[in-house]
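Here is a short tour for someone meeting this structure for the first time. Take a look at the sequence and the model, then read on.

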Amino acid sequence: MTDATLTPVLTDMWDVDRSWTLPAYEAKGGYQALDKAFGMSQDDVINAVKDAGLRGRGGAGFPTGMKWSFIPQDNPRPKYLVVNADESEPGTCKDIPLMMGNPHVLVEGVIISSYAIRANKAFIYIRGEVLHVIRRVQAAVAEAYAAGHLGTNIHGSGYDLDVVVHAGAGAYICGEETALLEGLEGRRGQPRLRPPFPAVAGLYASPTVINNVESIASVPSIVANGAAWFASMGTEKSKGYGIFSLSGHVKKPGQYEAPLGITLRQLLDLAGGVREGHDLKFWTPGGSSTPLLTAEHLDVPLDFEAVGAAGSMLGTRALQIFDDTVCVVRAVLRWTEFYKHESCGKCTPCREGTWWLVQTLARLEKGQGSEADLDLLLDQCDNILGRSFCALGDGATSPISSSIQYFRDEYLAHLTHGGCPFDSARSTAWAGQEVTA
Amino acid sequence: MSTLDDKTLAELREIAGRYPEKRSGLLPMLHLVQSVQGKVTPEAIEACAEVLDISAAEVSGVATFYTMYKRHGVGDFHVGVCTNTLCAVMGGDAIFARLKEHLDVGNDEVAEKREGDQHTVSLEHVECNAACDYAPVVMVNWEFMDNQTPDGAVEMVEALRTGQEVTSTRGPRLCTWREAERVLAGFPDGRVDEGPAAGPASLAGLEIAREKGWTAPSAPVAETPAVAAPEKGEAQ
Ligand SMILES: Cc1cc2nc3c(=O)[nH]c(=O)nc-3n(C[C@H](O)[C@H](O)[C@H](O)COP(=O)(O)O)c2cc1C
Ligand code: SF4
Ligand code: FES
């Protein structure tokens, strides 16, 4: 068992009949970690999460237990837990199936985490565009209330918790934690100035922990099996398991739950490889905001350190795979249009900068402009990266600078060719089928 | 168009009451008014403002920020084609172009209701909907229609227009856009137990693990108090 390449924990429920219901979850031992947590002091729960080495699964990888310990317990205001279920980073598609197939592990995680930080009210902020997922989480919360896992004096512990499921309304920026708080307070989702950090003044200016769905859902397993169990998986500084999402030109796209540190080569082996007759061209390790990598990077361990050392970021483990039929300029232009559309408009470098990036890229994609435009693009990126108010602006530059680094010639080919030299019809899902059929 | 009756006003107050500070209810409240009126009307903006004790301008500022709030009506079935990079490359661009032509509409427009049609359909291109492993993805009233093709998408919109029942590939029978908005406002519709736990792509890794007998390490057996030092080198 120790040589298992895949380690289903959160996904382990997904093939169970009616897995989303309370009886199914309890039959697999669900809500037992809760009693164990109630038998521990709050600080011991925080320490267990610290010792486990759990790092945020929402992209940035901040140590979760440390974040919890920043909550000032001498602050008289109420404490809040907010779950970030906005999942909108292009390529990221793990929290949504997790909440669809196993919503109770999130609810149990919410209760334990809230207990640890001494919150009596928690919110699950789910992007609005996933109706059935919202139904499943709403129902899981209702079932948990009815069973006495939520409400007052939970399991006779004297601890009270209320949970509100909140549907967003379409805005990528609301995944940024302070913009999310604005949305949750009924305002336009624009990021807040930090400091103060949410741990000190978050929701309603009160101490608030914001964590990703997968981070919170990992907590019951840590409490149930121990910090050492969790830390026995993964690499030295990136402990535990995580869901890796493969999409695009692979034979078997989907969700693969594995210890951190697995490589794309290993994952592709499991997924049957890049689709027939084609080679890997470029990929994102953690969503569109993480710099592109290429076939050179197949053996990079997918953990926070190694992907960083390779010039990118682990992000959300959203592995979007593009084969040799795909025009990198087209791909990058489309992402850039996304960032322009989703820029909240609060700061100039991002609001104006993303507009200019689209102009310049669109020109190049049509084969207009000149080689100097590549330097112009890099200059424009320089004016955004590190000068934007939040990480959306920084993320917008990632696909551009990395694609110029690895595929400069392809940009130039658009100029010599007078337009895109690729046939987009060859990239579609059905083009692959016609070839093999 | 129906006006906001007492039941709706009471529900708006109920939503606001879920939160420690009532303004937090604004997003779900706007979903609720859309479920009644099919869009965010000036009347609805006033009503939300009154319940929350804020100005109509503040409500309006919020309503215009978020893409799911509509100032022009949408169809009974709102079709969103993902055209973010991954889906676009996998065929989303072709699907969108085909539907646009077939329905003879621009982005975010409602197709004409033909004689004999039961329902209206509107078309919009949407950003990554967290379903990239099912690309190309189409959303109908925010339910997943996974792994679409141009022909399949045309058939689907025709089925919707002619009143046939259509089921999400990873979810329940489709409800109307207004019914969907009501669920988003926090009023469940009883369809939670329809549809699967997971689609085929979601299960890709799990199936391999089952086949090979791969599991996470087993939990330490003896549950001795905190200081127990479970098998450290086990992972190697
Ligand atoms: C533009 C932008 C979008 C983001 N979207 C998400 C998201 O959808 N889900 C998420 O968990 N974190 C998202 N984040 C990261 C959050 O700001 C935050 O770091 C995270 O929720 C913290 O949780 P974690 O420590 O458990 O990862 C986003 C950040 C930025 C800048
Ligand atoms: S970087 Fe972009 S999204 Fe972030 S605050 Fe500035 S304008 Fe808004
Ligand atoms: S890119 Fe279409 S669902 Fe992610």
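Predicted model: local features only at pLDDT ≥ 70, side-chain atom pairs only at ≥ 80, totals over all residues.

Picture a 1 Å grid laid over the protein atoms alone: a cavity is a set of points where a 1.4 Å probe fits but cannot get out, and lining residues have an atom within 4 Å of a point. Grid points are joined across faces, edges and corners, and a volume is the space filled by probe spheres set on the points.

Residues are numbered from 1 along each chain as its sequence is written, chains are lettered from A and ligands numbered from 1 in the order in which they are written, and side-chain values use heavy atoms, with hydrogens and water left out.

The largest cavity takes up about 70 Å³. It has 13 lining residues, and A:Cys344, A:Lys346, A:Cys347, A:Cys350 and A:Cys390 sit closest to its centre. Sorted by class, that lining has eight nonpolar, four polar and one charged residues. Here Ala, Val, Leu, Ile, Met, Phe, Trp, Tyr, Cys and Pro count as nonpolar, Asp, Glu, Lys and Arg as charged, and the others, Gly among them, as polar.

Now for ligand 1. Its shell (residues with a heavy atom within 4 Å of it) numbers 18 residues, and the closest are A:Gly58, A:Asn84, A:Asn211, A:Asn212 and A:Ser215. By class, the shell has four nonpolar, eight polar and six charged residues. Helices (H or I, at least four residues) and strands (E, at least two) are DSSP runs, numbered from the N terminus.

| Residue | Atom type | Distance to a ligand 1 oxygen |
|---|---|---|
| A:Ser215 | polar side-chain atom | 2.6 Å |
| A:Gly58 | polar backbone atom | 2.7 Å |
| A:Arg57 | backbone N or O atom | 3.3 Å |

Taken alone, ligand 1 exposes 610 Å², and the protein buries 89% of that. Those areas come from the Shrake-Rupley method with a 1.4 Å probe.

Most residues other than glycine have a negative phi, and most peptide bonds are trans. The bond from A:Arg194 to A:Pro195, however, is cis, with omega near -5°. A cis bond also joins A:Pro195 and A:Pro196, with omega about 5°. A:Pro195 belongs to the loop between helix 8 (177-184) and helix 9 (198-201) of chain A. A:Asn153 has a positive phi of about 45° although it is not a glycine.

Definitions and conventions: Polar contact = N/O pair within 3.5 Å; in protein donor to acceptor, adjacent residues only side chain to side chain. 1 Å grid on protein atoms, 1.4 Å probe; cavity = no way out; pocket = protein on both sides within 12 Å on 5 of 7 lines; lining within 4 Å.
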